[in-house]
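Please open the structure in your viewer and keep the selection tool at hand. The stops below say what to select next and what is there.

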Amino acid sequence: MKKIHLTLTIGILISSFGFSQSKSEIENLLDGISKIENSKEIIKAEQTEKLIKYGWRILPTLAEFFTDQTLTEIKSECHDRILKKGELAIIVADRIEGMPYFTLTGMQNCILTFCENNPNLVEYYLPAIVAQGMAEFQEKYNEWLASNDRIDWTPMLNYKSKKELRKIKRERKKAIREMQSKK
């Protein structure tokens, strides 16, 4: 009986740690992405794909990096400057789950014509995010992550089937309730 109990306990511990992503693991993946030269290539990076596969559950941890002012090697052709690690984290977070840009930035319907063929939609909003302050944006984003509005949020562009979206909404609802009960 003790062997079975011990085996079950070890199995539960391994499975709970196996599926969670630590802040240091996410940081290592962001550091790997930060070596890319052009912001348009961010979504093609192996590390980005890995972060996207982790799914929306890593968004609160990823949001912790939004205020990181470390310069990367990534050049944004759209803004003709080097991106910071926090901006990279915002781009990846938007790729995992599209953000409600107006709610978070106060800017609606950004005209996407000044930087052709850029798959990072939130990159167009980076000047507005920087202008309001990264810490304030981070706070708004975290509030939005824990809000009831997020349960039914479906970004205009998503990469999921209707069945996957229903499953995600159920999981979001459960996670948001847990986040709200911790407050």
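Predicted model: local features only at pLDDT ≥ 70, side-chain atom pairs only at ≥ 80, totals over all residues.

Residues are numbered from 1 along each chain as its sequence is written, and side-chain values use heavy atoms, with hydrogens and water left out.

**The whole protein**

Begin with a cartoon view, where nine helices and two strands can be found, taken as DSSP runs (helices H or I, at least four residues; strands E, at least two) and numbered from the N terminus. Along the sequence they follow the pattern α-α-α-α-β-β-α-α-α-α-α. Of the 183 residues, 43% are buried, a word that stands for under 20% relative accessible area, with a 1.4 Å probe and protein chains only.

**The largest nonpolar core**

Next, select Leu 30, Ile 33, Met 99 and Tyr 141, which touch the most other members among the 42 residues of the largest nonpolar core; such a core is a set of buried Ala, Val, Leu, Ile, Met, Phe, Trp, Tyr and Cys residues joined through side-chain atoms within 4.5 Å. Helix H5 (85-96) is one of the elements that give two or more residues to this core, and the largest share, seven residues, comes from H5. Stay with Leu 30 and show its contacts (heavy atoms within 4.5 Å): not counting residues up to four places away in sequence, Leu 30 touches Leu 51, Leu 62, Phe 65, Lys 85, Leu 88, Ala 89 and Val 92.

**Leu 145**

Now move to Leu 145, which is in helix H8 (residues 134-145). Is Leu 145 buried or exposed? Leu 145 counts as buried because its relative accessibility is 2%. Leaving aside residues up to four places away in sequence, Leu 145 touches Leu 59, Pro 60, Arg 150, Ile 176 and Met 179. The C-alpha atoms of Leu 145 and Met 179 are separated by 8.9 Å, with the two residues 34 residues apart along the chain.

**The second largest pocket**

Finally, select the lining of the second largest pocket, which consists of Trp 56, Arg 57, Pro 60, Leu 145, Arg 150, Glu 171, Lys 174, Ala 175, Glu 178 and Met 179. On a 1 Å grid over the protein atoms alone, a pocket is an open set of points where a 1.4 Å probe fits, with protein on both sides within 12 Å along at least five of seven lines, and lining residues have an atom within 4 Å of a point. Helix H9 (residues 162-182) supplies the largest share of this lining, five residues.

Technical notes:
Buried < 20%, exposed > 50% of the residue type's maximum accessible area, 1.4 Å probe, protein only.
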